[in-house]
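Student: I'd like to learn how to read a structure like this one. Could you walk me through a few features?

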Amino acid sequence: TRNRSEFLRYCVATCLACDDDQIEVIVSDNNSIDDTRQVIQAIDDPRLKYVNTGQDISMRQNFEFALEHATGDYLIYIGDDDGILPNGLASLRRVIDQHGPDILLWRHITNLWPKNHPVPTPGRLKNRFRDFCGPMHAIDPKQRLATLAQAHKTNYRDAANIYHGCVHRRVIEKVCQMQNGIYFNGVCPDVNTAITNLIAADNILWFRNPVTIGGEGEKSNGTAFNGKESASKQQKEIASDFTRLVAEDGTQPQIDSRIRSVPAQTYANICLINQEQDAKIAIDHAAWRRFIIEDVKTYSPQQRHWPVMAAFFETFDPTFDGQGLPQPSPQALQETIDPASTTTSQRDRPQKPNRRRHTDAQLQTVMSVVQWIQRVTGRPYTPRISPLIAAVVQAARIPGMWLRSLSAR
């Protein structure tokens with residue numbers, strides 16, 4: 001956490017809502033100047049532990065600082081605007097007790113906090129029914145790494161995250177041995193560890209029961225640093241602070257902070273880990289280059305920095321010959337994505353209507369999340385339409401939901 005006590009108080013409340021006395025909740029405060037310390041000191045729970053860095057450090061260093069104070073066998077990292085879902089830790093413990101995997105993964109759902117920029121927008125919950133209450137399946141870490149390296153999957157969340165994921169300490173210790181005692185490395189420590197965990201882990205379980213909820217708000221690092229809309233003054237200050245602390249950290253892999261593409265960060269980490277660990281990973285550089293270029297085009301013209309991208313590819317891609325990048329001319333800066341030029345991994349995914357029948361358990365789980373949102377924000381949760389219209393629409397859907405629930409039993 002860093003200067004976001006207005007979110008933190010709710011995040012901690014969700015973590016401590018579980019009645020399990022064998023959990024440890026660590027708040028690692030990156031030298032906040034707001035009332036973060038007072039907020040935590042007002043909470044009386046022996047499972048809660050507050051630590052403060054004592055000076056401004058990078059996000060990577062704060063992640064590492066928190067790790068130094070953790071004592072648990074399994075670790076989960078979340079941000080101060082995130083939270084734990086109702087029954088999330090209880091579900092997680094059952095799986096751990098039964099299977100004891102190296103890593104457990106799930107698809108977290110997202111809460112968009114209310115915002116004022118660029119226009120006032122109410123909060124919104126994003127989830128998919130298919131991510132609730134389904135079967136577990138095993139993931140082969142080495143096969144998943146090969147899939148990522150070939151750009152068949154390009155989202156680092158398809159790797160092995162400790163951020164909104166759960167990792168056993170034995171995996172962390174293996175990664176530390178690989179990286180001279182450091183677990184979190186790079187500008188984006190969550191992206192970096194998602195890749196290194198695949199090398200160190202022997203087995204992974206993925207289960208359809210979200211444990212965490214990911215928050216996204218105006219003060220989030222991701223929103224400020226990777227936002228594709230015009231940034232507010234506050235977001236520019238957060239991005240500038242982030243960039244300054246990264247520069248002062250200086251830990252490799254050091255990627256030019258002007259490169260905002262998360263796929264570029266993912267690709268760079270795969271390349272660097274391949275070099276440093278002599279992992280002999282077969283990387284499809286051309287496929288990654290095409291995908292990253294299309295991703296960069298989704299940013300505003302001022303955020304694309306094609307000459308910087310050229311230097312980036314020259315560093316990591318032995319097949320790069322300078323071709324394929326738009327020229328930094330006024331015409332190139334104004335270009336937009338041509339839907340016909342998307343990569344194979346995007347184009348080959350047919351968009352099918354969601355006709356899955358939702359079970360009663362799925363509906364109850366979603367409702368518990370909505371209730372959580374209402375409780376921690378102190379206001380009713382409604383979609384992006386007026387409360388009256390939302391109430392009418394919801395009332396009209398209840399009979400159909402009830403019938404589907406009966407037919408699915």
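Student: Let's begin with contacts. Which residues does D20 touch, leaving out those up to four places away in sequence?

Tutor: Keep in mind that this is a predicted model. With those sequence neighbours set aside, D20 touches R47 and R93. With R93 there is also a polar contact, in which the two side chains come to 2.4 Å.

Student: And where does D20 lie?

Tutor: Look at the loop that runs between helix 1 (5-16) and strand 1 (25-29); D20 is in there. The side chain of D20 also has a polar atom 2.7 Å from the backbone nitrogen of Q22.

Student: Is D20 buried or exposed?

Tutor: Buried means under 20% relative accessible area. D20 has 12%, so D20 counts as buried.

Student: Now sheets. How do I read one?

Tutor: The general idea is that strands of a sheet pair through backbone hydrogen bonds, and they do so either parallel or antiparallel. Here, you can find an open sheet of 4 strands in the order 4-11-6-7, and its pairing is mixed.

Student: Which strands stand at the edges?

Tutor: Strand 4 (83-84) and strand 7 (124-126) do. Each has a single partner strand, so one side of each lacks a neighbour in the sheet.

Student: How many bridges join strand 6 to strand 11?

Tutor: There are 4, linking residues 109-112 of strand 6 with residues 212-216 of strand 11, and these two strands run parallel.

Student: What about aromatic rings?

Tutor: A pair of rings is described by how far apart the centres are and by the angle of the planes. This structure holds 15 aromatic pairs. Take F63 and Y77: their ring centres are 5.2 Å apart and the planes are at 25°, so this pair is stacked. The pair links distant parts of the chain, with F63 in helix 3 (residues 59-68) and Y77 in the loop between strand 3 (74-75) and strand 4, 14 residues apart. F63 is buried at 12% relative accessibility, and Y77 is buried at 10%.

Student: What is the arrangement of Y183 and F184?

Tutor: Their centres are 4.7 Å apart and their planes are at 75°, so that pair is edge-to-face. Y183 is buried, at 0% relative accessibility, and F184 is buried at 0% too.

Student: Which residues form one aromatic cluster?

Tutor: Look for Y267, W288, F291, F312, F313, F316 and F320, which form one cluster together.

Notes
Residues numbered from 1 in each chain as written. Predicted model: local features only at pLDDT ≥ 70, side-chain atom pairs only at ≥ 80, totals over all residues. Heavy atoms only, no water. Buried < 20%, exposed > 50% of the residue type's maximum accessible area, 1.4 Å probe, protein only. Polar contact = N/O pair within 3.5 Å; in protein donor to acceptor, adjacent residues only side chain to side chain. Contact = heavy atoms within 4.5 Å. Pairing = 2+ DSSP bridges. Phe/Tyr/Trp six-rings, centres within 6.5 Å; stacked < 30°, edge-to-face > 60°.
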